[in-house]
Amino acid sequence: MSRTVYLLVHRHHLSLTPGSTAPDFMEDGEPLFRDDGEDSFKLLGLYSTRLRAEERIAGARTLPGFAQAPDGFSVHEYTLDDARWPRGR
């Protein structure tokens, strides 16, 4: 059994004008999910392979709520039982 999982998240920057891009809120390779009223985050699923996560992206890109930000998808790879932020912050 694989110890790797793939978390699929969609980020829609609510205040962007069409065609502009928002900065990627990442720190040390980890997504920062701050609710600043400017972004909407949706967890689309946890997948056993990157391919399955990418297939879900392909299917979701045309759906309401995702079509307005088709490049807002990100896949984050995690190892099971691997502690994140072991020193806090």
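Q: Which side chains meet in a salt bridge with N to O at 3.7 Å?
A: In this predicted model, the side chains of Glu77 and Arg50 form that salt bridge, at 3.7 Å from N to O.

Q: And where do Glu77 and Arg50 lie?
A: Glu77 belongs to strand 5 and Arg50 to helix 1, so the pair ties together parts that are 27 residues apart in sequence.

Q: How many salt bridges does the structure hold?
A: The structure holds 3 salt bridges, and one of them joins the side chains of Arg3 and Asp81, at 3.6 Å from N to O. This pair links distant parts of the chain, with Arg3 in the segment before strand 1 and Asp81 in the segment after strand 5, 78 residues apart.

Q: Changing topic, which residues make up the largest nonpolar core?
A: The largest nonpolar core has 10 residues, among them Tyr6, Leu8, Leu44, Phe66 and Phe73. Its largest share, 3 residues, comes from helix 1.

Q: What does Phe66 touch, leaving out residues up to four places away in sequence?
A: Not counting those residues, Phe66 touches His10, Lys42, Leu44, Ala60, Arg61 and Phe73.

Q: Back to helix 1, which of its residues are buried?
A: Ala53, Ile57 and Ala60 are buried in helix 1, and seen down the helix axis the buried residues fall within an arc of 70°, so they line one face of the helix.

Q: What about the other side of helix 1?
A: There, Leu51 and Ala58 are exposed.

Terms used: Residues numbered from 1 in each chain as written. Predicted model: local features only at pLDDT ≥ 70, side-chain atom pairs only at ≥ 80, totals over all residues. Heavy atoms only, no water. Core = buried A, V, L, I, M, F, W, Y, C linked by side-chain atoms within 4.5 Å. Buried < 20%, exposed > 50% of the residue type's maximum accessible area, 1.4 Å probe, protein only. Helix = DSSP H or I, 4+ residues; strand = E, 2+ residues; numbered from the N terminus. Contact = heavy atoms within 4.5 Å. Arc of directions from axis to C-beta. Salt bridge = Lys/Arg side-chain N within 4 Å of Asp/Glu carboxyl O.
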